[in-house]
Amino acid sequence: MPEQLAQNTTKTVSDGVYFPLGATVCADGVNFAVRSQAATAVYLLLFDSPDAPPTDVIELTRRDRDVWHVFVAGVRAGQLYGYKMSGDYNPAAGLRFNDAKLLLDPYAKAVSGKFRNVDNLLLAYDPEAPGRDLVPDARDNCAVVPKAIVVDDMFDWQGTASPDLDLAELIVYEVHVKGFTAHHSSGVAHPGTYLGFIEKIPHLKRLGVNAVELLPVHEHYVDDFLCDKGLTNYWGYNSIGFFAPESSYATGAAPGRQVDEFKTLVRELHRAGIKVILDVVYNHTGEGNQMGPTLAFRGIDNPSYYSLTGPAGAPQRYYMNYTGCGNSLRFDSPAVIRLVMDSLRYWVEVMGVDGFRFDLAAVLGRDDNGTFSPSGAFFDAAAQDPVLNRHRTILIAEPWDTGTYQLGNFPVDWSEWNGRFRDTVRRFGKGDGAQVADLASRMTGSADLYRDDGRSAYNSINFVTCHDGFTLRDLVSYNDKHNQANGENNQDGSNDNNSWNCGVEGDTDDPAVLALRRQQTKNFACYLLLASGTPMILGGDEFARTQGGNNNAYCQDNETSWFDWTLVDKHQDLVDFFAKLIAFTQRFPVLQQRKFFAGKDIYHDGIPDLTWFGPDLGTPDWNNPELRTLCYQLDAAEDRCNVGATRLYVILNADFQMRDITLPSLPDGSAWFRAIDTSLPAGQDFSSDGAEVPVEPAGHYLANPRSTVVLLAR
């Protein structure tokens, strides 16, 4: 045993208990428990400050169920700590123990700061040795490694609770915690922080949003190659602490401050009637492949946490890379299932969140052979978990990874990001042919994907844009990506964007182009919010936020990604349009119904719940590749007592020509009224409730090129 790991403490210690994992505050001290199946010795190091040497080195001598544990009397919340693990360094067999390296507790509830690979001290191997990752590095790195922080769970929720909203009622707003207020124009007291976010909640309320989906807030590692280029992992899809809120979004450096400030954000969002969904990254960690840093999991129990592979003679030297990020967590391992389930329960019960969107969720269903199954161990664990069920926790999958596309194949209690909705409405909106048949499925909840396994339209999370790709303004302003600032010669980011610049690439002063872009923006907003399903708006789209054509701004922690709040006044007509459109969907239960449309007379009023029409009132020619106009009628009988309308008629005209639309006949005493027409000037494009404009002459509507129209029958 190296000299630096000799037990050295004046603390009173005892055996402690193996449950729960992590650091648990008790009345007279703290219980520490960490799981490692293959370690031969485990040491707890205590610190008074992040950059000071350890004050105590305590060997954990008790081990139960592969959990090493100790109770340290007199320790309190705020204590800094880390672990060192002794064991074999044999990468060929998947073992990478190195007790010169300080390790973060996988169950740490807060971290003292950001990891930085100073002088390669975070590497457990010698990068200068001929065998590289086969040769351990003997240098101690305690001075440069951030420390775990002991945290208690006390917090004053002030009587707030999660809003009582069903999935069918949600308007989701995807947003980055820092980017929301980091720009100087935000005018908040604490820009780029959890507390700064709170000051902008009134904007969300005015818009009509009732759920936020926050890009990752787990503590994350910034990749070395980005640091070398002067960039950073802005999005945060590189988690290293699945219980710890990101430390850089706190307003100060007081130990554990980020925990209380994150809870404060959740409390105030709930007070405003807004649910909180976290984008979580359980598919991989920030440790990367075999050449990456050793921060926690790799040095604690590498074979238990990661899917390993390799050639004969070194069958576990390398890492399966289903994620494109260097490694993949092993979801047929009890240690991983327990870690993720404990993390989910913690964020629900202690941190107050309402749901999760799982990045590259297909990884979560892969077994040791790499095969995806919707009845995989993790999905079964989540389905029966009493905490998640009691809190009606929202579970949303990004239903793919780098090797498999599983849209429509997740379990019945899961919703999914609907990539086909995005792709189809983008192609239709820019005028591509042969889209109307698939568009009909996407606008009515994608029954072809979700009905057979017992799910509803609202298991389809519909989106046109998201963090990964163009903003909505850029979608209608660029034919091609412009990612040069990322330092990868514009080779990163998708080339398959289905975007159209409306005639000019990028910024322009041409009034005709700008008017068309604005009209297209409103069209896409209508496709998204009028469709059956759960809509997700990319934050800032409502006021034309731009990334200058960068469709992969993951490394741009600057004005490229930050919300420029001066755009709100500049594009107030767009903000108003989004707000009116959201309010419009809330007025009509037919636009929020949980069941798929049947195409039958449901309300016994002689009108099918859904009827499709071509421009001439005939059945659409679904196989005509030149058809770019689709109309449909919804029976609004269920809504009549609330809004007085008996039917809705939607005209989706992506054609470059005006279309004369024949309207369905109505009973005597009823008429069609225009509620929305995206081709009309601001102020006329959306009629307020009760002030809809009569359609004259009756029976026809001239739909302008590239427009969306919604009519009401009264």
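Helix α6 (residues 297-305) is largely enclosed by the rest of the structure, because nine of its nine residues are buried. Here, buried means under 20% relative accessible area, computed with a 1.4 Å probe on protein chains only, while exposed means over 50% and partly exposed lies in between. Helices (H or I, at least four residues) and strands (E, at least two) are DSSP runs, numbered from the N terminus. The buried residues of α6 are Phe-297, Arg-298, Gly-299, Ile-300, Asp-301, Asn-302, Pro-303, Ser-304 and Tyr-305.

The structure is a predicted model, in which local features need pLDDT of at least 70 and side-chain atom pairs count only at pLDDT 80 or more, whereas totals for chains, interfaces and linings use all residues. Residues are numbered from 1 along each chain as its sequence is written, and side-chain values use heavy atoms, with hydrogens and water left out.

The domain assignment divides the protein into domain 1 (13-150), domain 2 (167-590) and domain 3 (597-713); such bounds come from an automatic or database domain assignment. The C-alpha centres of domain 1 and domain 2 are 32 Å apart. To the contact between them, domain 1 gives 41 residues and domain 2 gives 44 residues, where contact means heavy atoms within 4.5 Å. About 3500 Å² is buried between domain 1 and domain 2, and carbon and sulfur atoms give 56% of this area. Buried area is the accessible area (1.4 Å probe) that two parts lose on being put together, summed over both. Within domain 1, the residues that lose the most area to domain 2 are Arg-96, Pro-106 and Tyr-107, which together account for 19% of what that side buries.

On the side of domain 1 that touches domain 2, the elements giving two or more residues are β3 (29-35) and β10 (95-96). The residues of this side comprise 27 nonpolar, seven polar and seven charged. In this grouping, Ala, Val, Leu, Ile, Met, Phe, Trp, Tyr, Cys and Pro count as nonpolar, Asp, Glu, Lys and Arg as charged, and the others, Gly among them, as polar.

Asp-133 is located in the loop between β10 and β11 (148-149) and counts as buried at 1% relative accessibility. Its side chain makes a polar contact of 2.9 Å with the side chain of Arg-96. Beyond four places in sequence, the residues touched by Asp-133 include Tyr-89, Tyr-125, Gln-290 and Arg-317.

Glu-246 occupies the loop between β15 (239-245) and α5 (257-271) and is buried, with a relative accessible area of 0%. The side chains of Glu-246 and His-220 form a polar contact of 2.9 Å. Other contacts of Glu-246, leaving aside neighbours within four places in sequence, include Lys-114 and Glu-219. The side chains of Lys-114 and Glu-219 themselves meet in a salt bridge (2.9 Å, N to O).

Conventions
A salt bridge is a side-chain nitrogen of Lys or Arg within 4 Å of a carboxyl oxygen of Asp or Glu. A polar contact is a pair of N or O atoms within 3.5 Å; within protein, one must be able to donate a hydrogen and the other to accept it, and residues adjacent in sequence count only if both atoms are side-chain atoms.
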